[in-house]
Amino acid sequence: MDWVCCWHRKIVEPGGCPNIGEGEEVLYTSYQRRVLEKCIDCPNFRKDLQKMQESGNPLGEVVSFLLGEVREQRGKLQSMVSFLDSREREIKFLHEISLVLQTSVDLDEVLSVVMTAITAGKGFGMNRAFLLLADKERKFLRGYLGVGPRNDGEAWAIWEDIQRDDFTLKEMARDFYQTKLTSEKQKFHDVLKRMTIPMADPNHVLVRALREKRPILVENAFQNPECDHSLVQALGVDTFLVTPLISRNRRIGVIISDNCITRKRITPQDVQSLETFAFSVAFAIERASLYERLQEELLKVTAVNVKLKEQQELIVKMERMALVGKITSSIAHSIRNPLMIIGGFARTLLRGAADDDPKREYLESIGQQVRQLEEVLEDILNYSDSLYPALDTWDVNQLVSAVCRELNGRLHERRVACRLRLDTSLPPARIDYKQVAYCVRTIVNAAMEGMPEGGEIRAETRRENGWILVEISDNGVALSPERIDAMTTPFGSTEELGSGLGVAICKTIMEKHGNLFEVDTPPGGGTRYIIKLPVNREET
Amino acid sequence: MARLLVVDDESSIRLLYSQELADDGHEVATAATAAEAVEKIKESEFDLIVLDIKLKNESGLDLLQKVVKERHNLPVILCTAFSCFKDDFSAWLADGYVVKSSDLTELKEEVKRVLAKKGK
């Protein structure tokens with residue numbers, strides 16, 4: 001019998017079988033493989049089989065029957081192999097993702113991995129995914145992050161990018177975390193804003209998925225009266241999958257995923273895979289959230305500790321100051337009377353002495369020295385008083401004007417001009433009037449002392465960052481940083497007691513009131529004193 | 001010329017004030033305690049009292065209240081080493097307030113001002 005197919009030949013010459021292609025040359029000599037791989041699907045073989053049956057050969061029917069069975073079994077085997085391949089890929093993928101999820105405590109990193117895994121072709125291959133998280137009080141599910149294209153054009157651009165970059169899933173997640181997360185958070189802002197679902201609503205599909213602890217595939221959503229229409233409108237698709245995220249019975253949130261662009265069917269296998277994935281996702285998100293909260297609490301505790309330490313230091317300082325204040329006040333008062341008597345009698349004697357009396361010089365010296373000691377005492381007593389401020393609401397402009405008016409005579413004597421620039425819109429300040437007036441007076445006096453040849457003092461008030469500023473500057477010689485430092489430290493230099501103590505007291509008073517006091521030398525020359533007072537809170 | 005009463009527990013201060021105020025042409029009497037001052041006010045007429053706040057074991061402010069109550073037209077100038085009493089409302093009853101200083105100019109000015117107000 002003449003056969004059309006080459007099945008009966010042990011060896012075939014090259015080109016002798018139309019089904020053997022390039023790279024399969026071994027089949028020309030491998031008889032068994034050629035029959036099993038090529039002949040059973042070859043139309044020529046089928047023709048030979050037909051011929052065999054028609055000639056009455058009973059083997060023709062048997063071979064035909066066996067051939068059908070072989071084909072069927074081979075098909076089943078191939079489908080099982082492909083199923084096993086896909087499961088193996090999935091297990092590998094889940095293992096890889098789980099490793100990242102297990103080790104990361106950064107919520108954004110976890111979310112990047114999760115959302116990339118769901119939407120990437122190398123992952124679950126869904127077109128879009130939305131994550132909704134339960135709020136702290138577990139009262140609402142709120143839209144937190146959406147990932148995927150907004151339209152077909154964007155989808156093509158994303159897919160082209162993916163093909164060009166050829167990243168692994170892990171690399172894609174890292175790339176997403178580093179370059180896309182922030183923009184992606186913004187991209188679906190409008191959609192996410194509409195996703196606020198009360199967790200007390202038992203019929204809502206998202207809440208139901210959480211309660212029943214299983215994924216729910218929503219189909220025909222537009223026609224389904226039980227569906228939350230505002231959610232469906234926000235999503236813009238009629239088929240989507242809701243996967244609950246539950247960790248140790250705690251409802252963490254839900255993931256909504258869909259194929260809005262490709263309209264590909266969501267298969268039961270997709271549902272099952274995502275459900276498996278959701279366990280590790282929920283756990284990772286919960287852990288990262290807890291870690292984030294822990295970090296927040298840690299920061300708060302650290303801040304409280306710093307504050308506590310500052311307060312402790314302040315208390316110690318205040319106690320020391322209060323003690324110093326009491327002692328100095330007591331000493332000052334007991335010295336004042338004798339000093340006054342000495343100085344007073346010296347002046348009396350001086351007045352009675354003749355112009356050429358040689359004792360005049362001694363008496364003048366006693367009078368002057370006593371006066372200087374009295375000024376030192378005045379400063380010390382002010383320092384003690386500053387430890388007990390009497391706060392009230394006052395007009396700072398009025399205070400500055402009053403002090404400058406009071407010092408007019410002295411300013412004139414020393415040929416110092418005082419220019420005021422007051423902000424008339426200043427709100428009232430809560431201050432101890434007497435103490436702040438003392439500070440302004442002391443600063444103006446210090447500025448005058450620094451300009452023995454005369455000059456100009458500018459007193460300015462203005463509002464700045466919640467403070468009322470009183471800025472007093474002169475055009476004398478700028479003070480050195482060491483001089484400023486010595487000047488603003490109470491009792492820093494006992495040698496110069498009386499000449500620099502006043503400014504140090506100003507600083508103490510300001511700090512005690514919760515105000516700020518700065519002395520600096522502006523680039524234009526001279527020295528600048530700045531008092532910062534709090535605005536009266538009732539007025540703001 | 002006015003008749004002044006200086007009340008201070010410190011004898012040197014009484015002496016200093018007496019001399020200085022006498023130099024300004026006033027007739028000055030002194031008292032070391034509140035009781036002595038009350039006695040003197042009863043005995044003779046004064047135009048002004050210069051009163052220390054911290055007297056030995058007693059307060060000049062109590063004496064001030066007594067004077068205001070009984071002799072409301074007799075002016076009082078408080079003269080003290082403590083500037084803080086200026087904010088004490090019981091000190092507001094006084095006609096003047098001077099912080100003690102070796103330079104008596106401020107006290108003398110205040111005496112002049114208060115007497116002028118009284119028409120003396």
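Predicted model: local features only at pLDDT ≥ 70, side-chain atom pairs only at ≥ 80, totals over all residues.
Residues are numbered from 1 along each chain as its sequence is written, and chains are lettered from A and ligands numbered from 1 in the order in which they are written.

B:Asp52 is buried, because 24 other C-beta atoms lie within 10 Å; a residue counts as buried with 20 or more other C-beta atoms within 10 Å of its own, as exposed with 12 or fewer, and as partly exposed in between, with C-beta atoms placed from the backbone. In UniProt, an unreviewed entry lists B:Asp52 for "modified residue: 4-aspartylphosphate"; UniProt positions are given in the numbering used here, feature names are shortened, and annotations may be inferred rather than shown by experiment.

Now for chain B as a whole. It holds four helices and seven strands, which follow one another along the sequence as β-α-β-α-β-β-β-α-β-β-α. Of its 120 residues, buried ones make up 41%, and among contacts between residues at least 6 apart in sequence, 59% join residues at least 24 apart. One such residue to look at is B:Lys108, found in helix H4 (residues 105-118) of chain B, which counts as partly exposed because it has 16 C-beta neighbours inside 10 Å. The C-alpha atoms of B:Lys108 and B:Glu20 are separated by 8.6 Å, although the two residues are 88 apart along the chain.

Turning to chain A, we find 16 helices and 13 strands, and of its 540 residues 29% count as buried. Its mean pLDDT, the predictor's confidence in each residue from 0 to 100, is 85, and 94% of the residues of chain A reach 70 or more. Some care is needed with residues 493-499 of chain A, where pLDDT stays under 50 and for which the model has seven contacts beyond four places in sequence.

Helix H3 (residues 58-103) of chain A has 46 residues and reaches 68 Å from its first C-alpha to its last, close to the 68 Å expected, the expected span being 1.5 Å times one less than the number of residues. Why does H3(A) lie largely in the open? Of its 46 residues, the number buried is three, and these are A:Ile97, A:Val100 and A:Leu101.

Two loop residues of chain A deserve a look at their backbone. Most residues other than glycine have a negative phi. A:Asn249, however, has a positive phi of about 65°; this residue is found in the loop between strand S5 (240-247) and strand S6 (250-258), and counts as exposed, with 6 C-beta neighbours inside 10 Å. For A:Arg263, phi is near 60°, and this residue, in the loop between S6 and helix H10 (268-352), is exposed, with 11 other C-beta atoms within 10 Å.

Finally, the two chains meet in a contact that takes 15 residues from chain B and 18 residues from chain A. The side of chain B that touches chain A has six nonpolar, five polar and four charged residues, where Ala, Val, Leu, Ile, Met, Phe, Trp, Tyr, Cys and Pro count as nonpolar, Asp, Glu, Lys and Arg as charged, and the others, Gly among them, as polar.
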